[in-house]
Amino acid sequence: SQKLLEVLSIATLLQTDAQHNLTDAVGVKLKEKLVEELHIGGEVPPYLLRVDSPTRIRSLCNELDKFPDKTTSILSKSAYINMFSRNEVVRDGLSDRMGEVAARFMSQEERDELAKLVIRHLDTPDFVLHCPNRRCGEACEFCPTKCLNIGCDVCESRKYMAHHADSCGYKIVDCSNQCGKKIVRNKVKIHLSGECELRDASCPFRGMGCPAVVLAKDCPQHLADGAGAHLLLVAAKMDEHNDQISDLQTLVKKLQFENASLKQQILQSNADRERDIDAMQKHLNKAKKEATIAQKEAGKLGKSVRQLQRK
């Protein structure tokens, strides 16, 4: 039942525009396609007949997971899916969309009835998930039963409810450290890692060098008993930091000296380069003057040669 709502909601998200607007036409069309995917009343594929009923149901659920991508149109892929990844689309809008789809297109009652039809179809003739007698009443071991744990919305047949209870995340369980607290199963890790008084806890001065690991409830006493030792650890760590600071200061002074030396070398190099440029410019000017004089002399010499030729 929940799987039907989930895959239909994802399909509508991938079919709608960037504003997530869902029209009746899109919703109804996708619902019809989803019901067709269930193959209610049709022949069970031969490969499914070779496995048990629970495996058939799991196989169908795996196929339903592919439904949203199978129904995604070319238009929505080019206009929307390429702009936002599939995971982002589903993550950002799935919760609200599931509520909308449940209200407009596929109610809880309708989903439950479809799920029952699917189970009857795939479980026949094994009858391990449903009763062959449809009017056996609430005394039947296959009678739908809601989980009694607060917050859990699972509905199983009475026959398999005990199995669900063994793994229900909303079941109240005892702390495995035997601290006396009762916790919802899906919050056990949080309790054991940060709340349980009987969990192992490192000393708050671990960063200063204290290797002690005590029970969380004994941590205050450990701090009180080891106040002097912790103070020495802090003092030692401060000395270590002071030595590091002193080394850094020495390094900074060395770098400052080297920086000043490099600056002086650069200034001297610039001065030498400017002096060389001035010298080269003077030589160039002198060469230009000599070239001008030589040109004039050549002109005079040429004039004299022409006069001699005319004589």
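Reply: Of the 25 residues in the largest nonpolar core, Leu4, Leu34, Leu38 and Leu64 touch the most other members. A nonpolar core here is a set of buried Ala, Val, Leu, Ile, Met, Phe, Trp, Tyr and Cys residues joined through side-chain atoms within 4.5 Å, with buried meaning under 20% relative accessible area (1.4 Å probe, protein chains only). This is a predicted model: local features need pLDDT of at least 70, side-chain atom pairs count only at pLDDT 80 or more, and totals for chains, interfaces and linings use all residues. Residues are numbered from 1 along each chain as its sequence is written, and side-chain values use heavy atoms, with hydrogens and water left out.

Helices α1, α2 (24-38), α4, α7 (86-104) and α8 each supply at least two residues of this core; helices are DSSP runs of H or I, at least four residues, numbered from the N terminus. The largest share, 8 residues, comes from α1.

Now zoom in on Leu4. Leaving aside residues up to four places away in sequence, Leu4 touches Leu34, Leu38, Leu64, Met106, Arg111, Leu114 and Ala115, where contact means heavy atoms within 4.5 Å. In general, nonpolar side chains tend to be buried together in soluble globular proteins.

His191 has a relative accessible area of 4%. Not counting residues up to four places away in sequence, the contacts of His191 are Cys175, Cys179, Lys181, Ile183 and Cys196.

Notes
Buried means under 20% relative accessible area, exposed over 50%, partly exposed in between (1.4 Å probe, protein chains only).
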